[in-house]
Amino acid sequence: MTANTKWNARRRRAIQSVFQTDISQPTPHSTPSIRFPEQGQPFGGPLAQTPQKGVDAQFLLSPENNQHAAQQTRFDRSWHVVTSRIALPNSVTAEDSFGSLPSSQNVDDEAFRDALRDVLDPATRLPLAAHTDDILAWHTQQIRLHFVSHVLPLLAVCDGYSDQTQTLLGSIRTLEAAHRQYLFGLRLILRAMEEEDAELAMMKFQRDLHALVGNSMSNALMDALKLALGQLMKMVLGVSTTEHVPKHEKVDIPPVKADKARRELHQLVESLSKVGFGGEKFQILFAELLDGIMIAYIWETFAGVWEPNDDLKIRSRIAGRIRVQPKCIRELLDWVENQYARLAVEVTSRLGAGIRVSWSDVSKWKEIAIGRLAALRIDELFDIVISWPDSEGGIDDLRYAITTPQRRLQLTDAFSATLQKRLLHAGRSTLDILRTYISMIRTFHKLDHSRVLLDRVAYSLQLYLCTREDTVRIIVTGLLANREEVNTEARNTKLVELVELLLQDSNQYQNERQDEDFDDLDWTPAPVDAGSNYRRRKSEDVIGTLISALGSPEVFIKEFQSIIGERLLSEQTGFKQEVGVLDLLKKRFGESSLQACDVMIKDIQDSARLDGVIHRGAVNHPDKVNRDWTIHARILSRLYWPEVGEERFLLPTNVTEMQKMYETIFEHLKPSRKIKWLNHLGQATVELELEDRTITEQVRTYEAAVINAFSEENSSTWTFDDLYMKIEMDEDLLTAALELWEKKHVLRRLPDNSYVVIERLSDAEQPSSLQPAQPSTAAVDMAPSTPRKAKLGISEKEKEKRQVYWQFIVGMLTNSSPAMPLGQISMMMKMLIPDGFPWSNEELQEFLGEKIADGELEIVGGKYKLVKK
């Protein structure tokens with residue numbers, strides 16, 4: 001109590017000791033000359049109103065009115081006694097905020113209690129008093145006026161603090177002081193009431209007061225409350241209080257610190273509830289904080305945690321058909337039940353708003369938490385796919401959580417968008433895309449055995465793979481790789497995973513029945529979101545899925561024949577790997593589909609035996625065969641080998657003579673067959689003796705024919721045109737051969753476009769003295785090292801194919817779209833042609849260029865169109 005307050009109390013007691021009263025008595029109703037309040041208007045206090053002008057409520061007391069006047073006067077005096085005691089201070093001082101509460105001695109006298117009973121129950125104690133009022137309503141009204149006039153300005157001052165903690169604490173202290181003043185008068189009134197009536201009156205008063213305070217919460221106060229409450233809740237629930245937490249770094253909060261935060265949170269909520277801040281706004285804020293903390297906890301605790309659940313399979317066998325929760329799911333549900341729900345119960349029980357947390361609420365929170373974890377795993381699904389099989393735990397979480405068609409649709413839509421953004425673009429190689437596709441097949445098979453989800457997300461990837469020219473070749477090369485290359489650097493250039501997958505999937509594919517297994521006890525119906533052409537598969541079947549992405553098996557078989565043909569024609573001695581892969585593919589595609597490959601392998605094996613017979617036969621003709629006769633041939637069955645084209649050029653005379661002798665002996669052994677030499681596919685061993693060195697190289701036949709021309713007498717220098725006329729070789733092959741010998745430092749190109757033999761390496765290191773200052777305008781443009789496919793010597797079969805391709809292109813430009821770019825035409829051809837489309841984009845572009853030259857096509861804006869005729 002301050003000095004001013006004490007002085008006021010002493011002065012009030014002195015006046016009361018002189019005048020023997022503690023109030024000024026109101027004018028009695030019997031006084032004829034004093035204006036009396038109107039009907040229904042109380043005497044004095046905040047609710048009193050000035051009577052209307054011109055209305056003088058005067059009446060002369062008669063004997064029959066004496067009792068009425070006496071009781072009315074008594075009520076008015078009692079009203080004045082009570083209201084003067086419980087009246088709130090009309091000013092605010094910096095020292096005591098709203099002033100100190102009166103002492104109990106000033107309010108505990110018998111006169112006050114008697115006056116309070118008159119005011120509370122005038123119908124019984126003063127039945128003849130015509131003008132009465134409700135003291136509780138009067139007290140509530142003065143509280144509203146006092147709150148608006150004095151409390152709100154102080155709260156506005158608190159809102160201006162720079163520190164949000166001070167804003168919250170200052171507001172709470174201000175409201176606590178006001179709350180004490182308001183409850184003081186109310187408790188005085190409730191003393192004289194029955195217990196049940198007092199409880200009802202207290203509940204109504206608190207409800208009105210809390211509504212008044214709750215609707216007065218400013219934005220600054222809400223921000224301060226959100227900060228303080230959020231910090232404490234995060235500490236209690238084990239969530240980091242910092243803004244940004246690094247991924248995979250879970251913040252561990254000590255139990256002592258968490259318990260302290262829990263106690264502070266309880267105190268804060270009790271204080272807020274006591275002063276009226278526990279209403280609807282606080283409840284909404286608390287729910288929003290709980291929701292955000294759940295999201296933050298899931299992200300901090302489970303993001304990137306994909307370790308395999310080693311005990312999941314064991315527990316699944318024991319549980320039978322009951323769904324077994326993965327590790328992350330169990331930990332999350334335990335946190336929701338024992339931490340999250342516990343905090344909600346502790347806070348809501350202290351609000352006193354009749355809110356109760358039921359077990360159904362906890363079950364809903366668990367469902368929400370599982371959904372949030374599923375959303376996290378959906379965002380991480382691409383990384384989970386890339387990290388497979390080390391990320392099996394993440395798939396277990398998704399498999400448990402993704403149970404509704406809506407969540408399945410959310411997963412496929414989100415993953416398809418991620419594929420377009422992170423994989424299906426020019427910056428990723430075909431090898432990376434195929435390797436990711438294999439992981440997708442295995443991952444989604446683990447997630448959904450029905451393969452419905454995989455079919456949804458893989459369609460765009462399959463279309464994109466059709467636009468890559470090297471897709472089929474990479475798949476076939478991976479199948480033909482050695483098992484020893486799986487863990488070597490060959491992974492950087494080959495899809496070596498297919499070797500082991502082929503061994504695993506072939507047996508599964510062979511044993512898998514195409515029809516539904518009606519005797520399968522584990523049979524389940526098709527998913528509700530499955531398509532009309534849905535067919536269940538029991539195994540992953542990675543190889544089959546990859547091949548189906550190419551459009552048709554014929555495309556794969558055709559490319560497999562081409563690649564295995566290249567290998568059979570190489571210097572490779574054994575073909576055990578090729579034969580083994582062929583046997584495995586027969587189980588998948590059947591014997592008839594790969595019959596041509598069997599014939600190709602048989603041709604190579606028979607060629608080795610037949611070549612030996614021919615060489616032994618040549619020994620019997622020493623007069624026709626030179627002693628250095630070392631020609632060997634591989635005899636191919638024309639109808640079963642891929643089309644290889646034909647490049648014609650002149651061979652050295654001695655080689656031609658050996659070929660004729662070889663033909664004679666072969667025709668003697670095989671009278672019904674004839675040999676057609678494919679010189680451009682042959683190989684030769686060349687030994688060059690120069691002045692300072694000897695070079696031995698194994699090269700192509702056309703490369704050997706070019707260098708042989710320089711070995712003739714007086715022929716150490718040749719021009720490009722002279723070589724072209726002498727050997728009659730295609731320009732592309734001739735250019736490629738000359739470039740090869742230049743790289744081997746055997747030939748050197750002079751400024752006049754002639755080529756000379758480098759006898760000494762020192763000559764190659766010295767610049768030519770004939771080098772002009774300016775580039776020669778007569779120089780021949782250098783062609784790329786890889787020769788183009790020859791346009792000459794096209795077989796009738798190839799002409800028929802080109803005509804068929806042209807008919808497809810005309811049909812597409814007529815019926816589908818009037819103009820198409822090169823990539824779209826190539827993709828459509830690969831999808832529509834039953835036997836596959838073996839051309840690359842360059843070969844297709846060259847073919848379309850021929851049609852433009854013939855006047856059949858035109859190109860406008862990078863798109864090909866038919867010429868209107």
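Let's start with a strand pairing: β6 and β8 (residues 863-866) run antiparallel to each other and are joined by two bridges. Within that pairing, M820 has Y864 in β8 as its bridge partner. Keep in mind that this is a predicted model.

**The sheet around that pair**
- β6 and β8 belong to an open sheet of three strands, laid out in the order β6-β8-β7 with antiparallel pairing.
- At the edges sit β6 (819-820) and β7 (857-860), each of which pairs on one side only.
- Helix α33 (residues 841-853) lies across β7 and β8, and its direction makes an angle of about 110 degrees with β7.

**The cores**
- The largest nonpolar core has 136 residues, and the members that touch the most others are M440, F444, F556 and F560.
- Helix α13 (residues 327-351) supplies the largest share of this core, with 12 residues.
- There's also a second, separate core of 29 residues, with F649, Y702, F720 and V746 among them.
- Back in the largest core, which M440 belongs to, M440 has contacts beyond its neighbours within four places in sequence, including V385, F415, L419 and L461.

**The whole protein**
- The protein has 33 helices and eight strands.
- Of its 869 residues, 41% are buried.
- Looking at contacts with a separation of 6 or more, 71% link residues 24 or more positions apart.

Technical notes. Residues are numbered from 1 along each chain as its sequence is written. This is a predicted model: local features need pLDDT of at least 70, side-chain atom pairs count only at pLDDT 80 or more; totals for chains, interfaces and linings use all residues. Side-chain values use heavy atoms; hydrogens and water are left out. Helices (H or I, at least four residues) and strands (E, at least two) are DSSP runs, numbered from the N terminus. Buried means under 20% relative accessible area, exposed over 50%, partly exposed in between (1.4 Å probe, protein chains only). Contact means heavy atoms within 4.5 Å. Two strands pair if DSSP finds at least two bridges between them. Axes are lines fitted to C-alpha atoms, for helices over the stretch in contact, and angles run from 0 to 180 degrees between N-to-C directions. A nonpolar core is a set of buried Ala, Val, Leu, Ile, Met, Phe, Trp, Tyr and Cys residues joined through side-chain atoms within 4.5 Å.
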